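My notes follow in the order I checked things.

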Amino acid sequence: MEGLEEKVISRIRRVKQAAGFGVRVKAILETGILDEADKIRRASDLAIEAGADFIKTSTGKVPVNATLSSARIMLEAIRDSGAQVGFKPAGGVRNTTQAGHYLSLADEVMGEGWATPVTFRFGASGVLDDLLAVLNDKTAPTEQVGY
């Protein structure tokens with residue numbers, strides 16, 4: 001947001017180095033705060049350039065978290081980079097229907113079958129109860145407990 005792009009790249013690279021060989025590093029972009037498409041895209045590009053293995057929409061701790069529009073921008077950045085980078089929508093994905101929208105978007109942007117456990121993960125605390133209820137053919141709870 002402040003235009004300090006080299007600091008962003010430097011910090012992600014230092015985390016990668018500190019983590020060590022074979023450790024996957026996730027960069028959290030906090031897209032709800034970035035709020036503008038060009039900022040979300042630039043943050044995605046910088047994180048990918050710096051070597052992030054995953055880019056994540058949010059911590060889930062701010063008023064605006066994952067949105068389909070920010071997810072599209074981030075997935076397009078991954079696709080356009082040609083890098084092997086995963087994606088994680090987090091915060092605001094509360095039920096299996098919403099999760100399905102993100103998976104459909106990944107199929108649309110990245111190609112059918114791209115979303116695997118290696119490339120695509122949910123911030124599952126919000127959607128877990130609903131998913132388990134669907135899998136067990138029961139009604140999901142109507143209220144989500146905070147995490």
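**Helix packing and the main pocket**

I began with H4 and H5, whose crossing is right-handed. The model is a predicted one, and I read everything below with that in mind.

I looked up the geometry of this pair next. H4 covers residues 68–81 and H5 covers residues 96–110; they pack at an angle of about 35°, with axes 10 Å apart. On the H4 side I listed Leu68, Ala71, Arg72, Leu75, Glu76, Ile78 and Arg79 as making the contact. From H5 the contact residues are His101, Tyr102, Leu105, Ala106, Glu108, Val109 and Met110. By class I noted nine nonpolar, one polar and four charged residues in the contact of H4 with H5.

I then turned to H1 (residues 5–19) and H3 (residues 37–50), which pack at an angle of about 40° with their axes 8 Å apart. That angle makes H1 oblique to H3. The crossing of H1 and H3 is right-handed. Glu5, Val8, Ile9, Ile12, Arg13 and Lys16 of H1 meet Arg42, Leu46, Ala47, Glu49 and Ala50 of H3. I recorded six nonpolar, no polar and five charged residues in the contact of H1 with H3.

Last, I checked the largest pocket, which has a volume of about 650 Å³. Which of its 23 lining residues are the closest to its centre? They are Met1, Leu4, Val8, Ala43 and Leu46. H1, strand S1 (26–28) and H3 each give two or more residues to the lining. I sorted the lining by class as 13 nonpolar, one polar and nine charged residues.

Terms used. Residues numbered from 1 in each chain as written. Predicted model: local features only at pLDDT ≥ 70, side-chain atom pairs only at ≥ 80, totals over all residues. Heavy atoms only, no water. Axes fitted to C-alpha atoms, helices over the stretch in contact; angles between N-to-C directions. Helix = DSSP H or I, 4+ residues; strand = E, 2+ residues; numbered from the N terminus. Parallel < 35°, antiparallel > 145°, perpendicular 65-115°, else oblique. Left-handed = near helix turned anticlockwise from the far one by under 90°. Contact = heavy atoms within 4.5 Å. Nonpolar A, V, L, I, M, F, W, Y, C, P; charged D, E, K, R; others polar. 1 Å grid on protein atoms, 1.4 Å probe; cavity = no way out; pocket = protein on both sides within 12 Å on 5 of 7 lines; lining within 4 Å. Points joined across faces, edges and corners; volume = space filled by probe spheres on them.
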